[in-house]
Amino acid sequence: MALNRLFASLTITPTLISRRAICTSVVNFASKPSVVKPKPGFGKSYRRIVHFPEEYTVKPLEVTNLAGRDPVTGRVVAKGIGGGIKHKYHWIQWVRDGPTEGPPQEEKVIQIMEDGCRTAHIALVAVGDKLKYILATENMKAGDIIKTSRHLPRIPVRANEGDAYVLGALPTGTIVHCIERDPGRGGLYIHAAGTSGTIMRRQDDRVIVQMPSKRLFSFDQHCMAVVGRLSNVLHGDTPIGSPQRNRWLGNRPRSGLWKRKDGRHGRKIKPPKPVKKIANPKSYPTPAIQMTMSP
């Protein structure tokens with residue numbers, strides 16, 4: 001079958017082709033299947049696969065590390081991913097749901113912990129007889145009482161750090177994170193460690209929020225947002241420290257074949273230029289002008 005397709009694709013007669021060329025062409029054709037290598041990005045992660053159960057749970061979830069490979073074809077897509085320490089995944093409850101009327105719902109922070117699968121710290125919160133994980137704010141600690149409400153009052157509320165309210169209920173200048181894209185869909189924006197947005201102004205039934213990138217986004221006033229700045233503020237300023245810790249974080253090193261060009265064609269080390277004297281120019285007297293009557 002492959003041989004027939006090979007002959008059909010050639011414009012010359014098969015009798016003019018050597019047997020060795022035919023065998024080589026057939027082997028190359030058979031060893032290269034028509035597999036399209038996926039491209040990184042587009043919201044697809046090639047670092048890990050999290051095995052989610054049917055219902056929400058605070059039990060750490062099992063994770064399959066992909067090491068930068070496509071889970072279907074097994075081909076390397078992201079070369080910079082590889083290695084890393086095995087981490088359990090803590091399922092974050094992105095939807096902060098509260099009453100639409102009356103007093104807000106109170107929740108108690110049980111524990112603040114680090115999560116290996118995200119940059120910000122997480123908090124274990126108790127709501128009635130249920131437990132859930134949320135993103136911890138900068139100054140949140142165990143024992144704090146946080147409030148959640150979807151009520152849109154006539155007068156803006158004075159919220160504390162960690163409280164979740166609709167954007168229309170918060171005053172201008174409030175620092176927020178974990179903002180919903182659509183009401184009831186769960187927090188989608190501003191998840192990274194140490195980041196936050198700022199409520200700038202209102203336009204009719206919309207609220208303008210300045211994102212960490214300094215861009216202005218317009219949200220519906222019924223979208224939920226959490227007050228405060230996210231925890232682990234020093235994450236971006238902390239040096240990795242050693243190549244081994246970089247491997248623990250799941251970053252694959254480069255090949256090591258790069259070398260700075262040296263020799264006569266490499267970097268030229270030239271002597272410094274001589275000292276340049278900066279001085280005021282000397283003032284010379286202006287020559288006298290002689291005027292005569294003759295042309």
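Mentor: Let us begin with the lining of the largest cavity, whose residues divide into 6 nonpolar, 2 polar and 1 charged. In this count Ala, Val, Leu, Ile, Met, Phe, Trp, Tyr, Cys and Pro are nonpolar, Asp, Glu, Lys and Arg are charged, and the others, Gly among them, are polar. Please keep in mind that this is a predicted model, in which local features need pLDDT of at least 70 and side-chain atom pairs count only at pLDDT 80 or more, while totals for chains, interfaces and linings use all residues. Residues are numbered from 1 along each chain as its sequence is written, and side-chain values use heavy atoms, with hydrogens and water left out.

A cavity here is a set of points, on a 1 Å grid over the protein atoms alone, where a 1.4 Å probe fits but cannot get out, and a lining residue has an atom within 4 Å of such a point. Points are joined across faces, edges and corners, and the volume is the space filled by probe spheres set on them. Searching the whole structure in this way finds 2 cavities of 30 Å³ or more. The largest holds about 60 Å³ of space, and around it stand Ile 92, Gln 93, Trp 94, Arg 96, Ile 134, Leu 135, His 177, Cys 178 and Val 226.

The second largest cavity holds about 50 Å³, and its lining consists of Trp 94, Arg 96, Ala 164, Cys 178, Glu 180, Gly 187, Met 224, Ala 225 and Val 226. By class, these residues are 6 nonpolar, 1 polar and 2 charged. The largest share of this lining, 3 residues, comes from β14, a strand, which is to say a DSSP run of E with at least two residues, numbered from the N terminus.

Let us now follow β14 itself, which covers residues 224–227. Met 224 and Val 226 point one way from this strand, whereas Ala 225 and Val 227 point the other way, and all are buried, a word that means under 20% relative accessible area, with exposed meaning over 50% and partly exposed in between (1.4 Å probe, protein chains only). Two strands count as paired if DSSP finds at least two bridges between them. Strand β7 (residues 164–166) is joined to β14 by 3 bridges and runs antiparallel to it, with Tyr 165 standing opposite Ala 225. Strand β8 (residues 175–177) also runs antiparallel to β14, joined by 2 bridges, and there Val 176 stands opposite Val 227.

The structure holds 10 salt bridges, each being a side-chain nitrogen of Lys or Arg within 4 Å of a carboxyl oxygen of Asp or Glu. One of them links Lys 259 with Asp 262, whose closest N and O atoms are 2.9 Å apart, and both Lys 259 and Asp 262 are exposed. Elsewhere, salt bridges that share partners join Arg 96, Glu 107 and Lys 132 into one network.

Technical notes. Helices (H or I, at least four residues) and strands (E, at least two) are DSSP runs, numbered from the N terminus. On a 1 Å grid over the protein atoms alone, a cavity is a set of points where a 1.4 Å probe fits but cannot get out, and a pocket is an open set with protein on both sides within 12 Å along at least five of seven lines; lining residues have an atom within 4 Å of a point.
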